[in-house]
Every structure is written in structure tokens, then in C-alpha cells.
Amino acid sequence: MIDVIEAGLFTTVQDGGRFGYRHAGVPAGGAMDAWAYRLANALVGNNGDEAVLEATMAGPTLRFRVEAVVAVCGGDFPCTLNGRTFALWKPMAVEPGDVLEVGVCRTGFRAYIAVSGGIDVPPVMGSRSTYVPAQLGGLSGRPLQRGDALPVGVTHGRRVIGRMRWGLASAARRYIGGKTKTVRAVPGPEYDEFTPASRRQFFAARYEVTTQSDRIGYRLSGPTLALVREREMVSEAVVFGTVQVPASGQPIVLMADSQTTGGYPRIAQVAAVDLPILAQARPGDFIQFQPIGPEEAMWLYKEQQQRLARWIAAIRRQWEGER
Amino acid sequence: MTVEYTLFPLCEYAVTVRFSDRIDEDVNDIVHQTAARLQAERKEGIEEIVPAFSSLTIYYDPLMIDYIGIGAWLRKNIRRSEQAVRRSARTVVIPVCYGGEFGPDLPDVARFHGMTEDEVVALHSAGRYRVYMIGFSPGFAYLGGLSPRLATPRRSVPRTKVPAGSVGIAGGQTGVYPLATPGGWQLIGRTPLKLFDPHREKPSLLAAGDIVAFQPIGADEFARWSEEHD
């Protein structure tokens, strides 16, 4: 078990997502920044799809009642273990009684706290991810609260003593920083219905992430976008990264917990390769959309998956050396 | 009828097949027929087939199949000479306790149309409603078939909390709230059934393509249902 001493701003249990229920109106959800999530899991020696904690802006304080390996990946959150600085993007052994404090994020917005064995809440509809709008998954379908106790899964069994003297190179986290985030996006199904000026603006201007932004969607603020001709849209599928434009003309980027269908014109689709960048944007940051084609987006996504697989393979080799 | 459709990539792992850009029962029949055929012909790497009003979206693993492969598979399985067949759709009867504390807007809806409350209930429960699609929120069914005589504008001030199971009218639409959420629909009743239950094998009570009938029940029956099914 892990005791939650402080919950942080908005900390939820997340895994790789809840698949197979879009026909029932349930989105895939899961970790917003899949890159940091996967690496955090790999760093603690997990198989890959175990549940972790997703911290937002201000992290939790946790006391371990078990021996485990812990890693924190994602935004630059100052962390301490029993008061001593704890480096991100590297595995660390903890013992019963140890206290991990994840502070207030300096750059980026979200961190993934992985524990060997995973956070072992009961899966709901095939996933441990918390989906707050329907109060399902995670810990009673809600963010953590002070006083919660989190069950931890069975670990890989081998005792890890002391500190591991390795971690991920800074290349793994280069996407995190910067107040203006450049995010590549493919013109969406209704792109051609926007006025030429709106189409130009969308890719030329910067859009600010407003405070009305969460796991469901980010409301952006910037030049108003307009259709050539208003028309009644028939609701169709939308996914993580869909940029839709309601009547206000201010775009909304749908995030991991967005609804499965939408009825607003879609000006763009953020390339999957850049969703981790978006997940690390905080209110007040700016998004600069950069146009790319669907083939390029696909190629970049595959290339990123291969890169991730190489990082994970390298981590596994390190682990073999530890045991 | 010759079926025309367009294919476009929604993102790296999903493609949408669009048959029309309006809401139409025949088009929706073709959506469901096509979804059923694709489901039967499913191959490795195809993850989800999700019908909407006049389109369907196929989610797949891009590391197993590419967009060209998906396109070829779709073109092979979508027949140009599709007939909109009225299938023997499943009918789901939803018991509803109309009016009173469960349907606080029933008096307003009746007044708006110059009807009695009983007339509104009779008209609403006589209808047969098609589930065009599930979306918006878990288990939420977009229903077609509301009598134009019951079309009522939304409330000017939405409620901050509408209880799960509430049956409402918004413009020309009727529907049931699966979850307790804020909402602006005119509430005319409530069902004791759970439209969405994550612990059921099929979490959503309704599926796209179903036919819904509302069955009026009394407050005592509502209480009995709630007890039996909780």
C-alpha cells in the first residue's frame, strides 16, 4: 500500500487507456502524455501497461508501506525522497516508511509516478484509468484525496538494494520545455469550410491555453475562426487531438477524456506524435500549430513508436544488469 | 439504391466512412448494416467499429495495418448496391415514471403545447424511437422519432444537476440522461433503469440501431424497480 499524505492538485490513476467501448460512448482516456507514462513504467521494471499516478501542476506526497522501485517522468516537478532531492527520469528503490514528495511543476504540466507492480486498483471495463466524468476506474472514479491508500501490485520479485546509478538521457524529455509549444496538425475534415483568413490564422497565430482546460479538452484563445457558411453539422467521431471550433470561433482541442462524438466543425487533428507536447502545456502557454499532411503524421508517429521501443529496450538491458 | 460514401482519415489510427451529411433513417440503416458486415469480416488489427448518424468510424492499429490496407478492406466490404433493409431491430422498453418530482418540467411542457399532462405522456409513450447512435457521454442514446407536437425549447437556465435516468425533451429530440450531469433539457420523467453501468457485461443498456419504447409506470412501481435492481 501507499498512503496519500497530500493529494496534489489533480492526481488520478491512469494506464494505457480503456479500449473497445467507444460504441458505448466511453473514450479511451488513459495517460495524457503516453511518452512519459511508458518510460516511467519501463524505468521501474514494469511490463508496460501498469497503472501509474498522473499528477497535474502540484504533485502528491506519498508514504510507502512496501518496498518498491519508483520513477517520476514528465514535467519538471521538484521531488524529494525523505527530504533529499530525487531525480526525475530514473529509477529509485524505496523502503517502507519512505516519503516521496512531488512538488509544484516548474516547466511542463503533468508527471507520471510509476511504482513497480503498478497501482493495483480493480480494473473497470478493462482498464484502471480514472474517467472522472462517469466516475469510473481509478480510485472510486475520482482524483486522489488526502488519506487514501493505494494498493500496489506484485512486483517483479527481486529485491533491489540501494540506488540505481542510471537514468534516461535528457533527449527523452526535450519535448517538455518552452512557453510556446509547436504542435504539428493535419487539416481536419471540415478545414476547407473555414474562410481563407481563418485557415491562415489558425496556422500563423499562437493560441493561448486558457484556464478552462482539463483532461477532457483545452479551450484556446486567439484569433476568431469562422466558417464560410454556417451549417448544421451531423455528429461524427472525434478523438484525442481533434481541434473543433464551436460558434464562438475559439478552438477547443479535445484531450484524452473527450467525448467520443462531436458536432462542431473540425479544423485540424493534432498529429499523434505531438500529443505528449500538448499534454505538457499549461494554462498560459501558447500553442503554435504547424501544418503537415496525413502521410507525414503517420510516418512521424511510427518513427516515434520505434524510438520509444528503443528507449524501453535500453532500459530493459539496464535492468538485466541490476539483477 | 446506390450507396455513395467518402473515406477520410480521422487520425493516425482511425478512418471515417461517411455516407451522407444529413440525418436520415435510410442512411442510418445503411450505417448499421455496414457496421454489422464489417464486424463479421473483421480482421487482425481492426480494433473498434463505431456507428454514428450517417457515418461510421473504424479504429485500427497502425502498426499492423496501414491506411491503404484499411481502405482496400473497406471498399471490399461496403457494397455499392446496398438496400436499406428495415432490420428486425431489438426493441428495448424503458419504464418511465412521468411527472411529479421525477418530471418537474412536465407541467411547463404541457402548457407550452396547450395539452394536458396526460396527453403529453400518452403522446411521448406512444412513440417508437430509433437509437441513431451512442455518443456525447457514456450510454447516451441519440433518439429519433419524437412527435413534432412535443418539440419544446430547452430551459433558459440549465440545471446544475440532472439526476441519472431523467427523461427529457430538447428541441425536436428526446433522450435519457445516463449519468447525473448538468443539463438544460425539459425533464418530463425518470426511469429506474441504469442506462450505463460499468459493471455490466454490456455497460450501455442501449446500442445503436435499437428501437426504444417508453412505458409509463407509477411512483410505487418506480420504487420497486429501483430496489430490485440496485
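## A walk through a predicted two-chain model

In strand β3 of chain A, the residue that forms a bridge with Val13(A) is Leu53(A). Before we look around that pair, a word on how to read this model. It is predicted: local features need pLDDT of at least 70, side-chain atom pairs count only at pLDDT 80 or more, and totals for chains, interfaces and linings use all residues. Residues are numbered from 1 along each chain as its sequence is written, while chains are lettered from A and ligands numbered from 1 in the order in which they are written.

### The sheet around β3(A)

Helices (H or I, at least four residues) and strands (E, at least two) are DSSP runs, numbered from the N terminus. Two strands pair if DSSP finds at least two bridges between them. With that in hand, look for an open sheet of five strands in chain A, ordered β2-β3-β10-β5-β8 with antiparallel pairing. Its edge strands, β2 (12-14) and β8 (92-94) of chain A, each pair on one side only. On average, neighbouring strands here are turned by 35° against each other, direction ignored. Such angles come from axes, which are lines fitted to C-alpha atoms (for helices over the stretch in contact), and run from 0 to 180 degrees between N-to-C directions.

Which strands does β3(A) pair with? On one hand, three bridges join β2(A) to β3(A) (residues 52-56), and the two run antiparallel. On the other, β3(A) and β10(A) pair in the antiparallel sense over four bridges.

Is β3(A) enclosed or open? A residue is buried if 20 or more other C-beta atoms lie within 10 Å of its own, exposed if 12 or fewer, and partly exposed in between, with C-beta atoms placed from the backbone. Five of the five residues of β3(A) are buried, so this strand is largely enclosed by the rest of the structure. In a regular strand the side chains alternate between the two faces of the sheet. Here Val52(A), Glu54(A) and Thr56(A) point one way, Leu53(A) and Ala55(A) point the other way, and all are buried.

### Helix and core

Helix α1(A) lies across β3, β5 (68-74) and β10 (110-115) of chain A, running at about 160° to β5(A). A nonpolar core is a set of buried Ala, Val, Leu, Ile, Met, Phe, Trp, Tyr and Cys residues joined through C-beta atoms within 7 Å. The largest one has 154 residues, and those with the most contacts inside it include Ala40(A), Val72(A) and Ile113(A). The largest share of this core, eight residues, comes from α1(A).

Two residues are in contact if their C-beta atoms, placed from the backbone, lie within 7 Å. Leaving aside neighbours within four places in sequence, Val72(A) touches several residues, among them Ala40(A), Phe77(A), Leu88(A) and Ile113(A).

### Domains

Each chain is divided into domains, whose bounds come from an automatic or database domain assignment.

| Chain | Domain 1 | Domain 2 | Distance between C-alpha centres |
|---|---|---|---|
| A | 2-174 + 308-322 | 180-292 | 29 Å |
| B | 6-77 | 91-228 | 30 Å |

In chain B, seven residues of domain 1 are in contact with seven residues of domain 2. Helix α1 (residues 25-40) of chain B gives the most to the domain 1 side of that contact, with three residues.

### Chain B as a whole

Chain B holds five helices and 13 strands, and its C-alpha atoms fill a box of roughly 55 × 40 × 35 Å along the principal axes. Of the 230 residues in chain B, 45% are buried. Among contacts in chain B between residues at least 6 apart in sequence, 63% join residues at least 24 apart.

### Where the chains meet

How many residues does each chain bring to the contact? Chain A brings 31 residues and chain B brings 36 residues. On the chain A side, α4(A) gives the most, with six residues. By class, the side of chain A that touches chain B has 18 nonpolar, ten polar and three charged residues. For this count, Ala, Val, Leu, Ile, Met, Phe, Trp, Tyr, Cys and Pro are nonpolar, Asp, Glu, Lys and Arg are charged, and the others, Gly among them, are polar.
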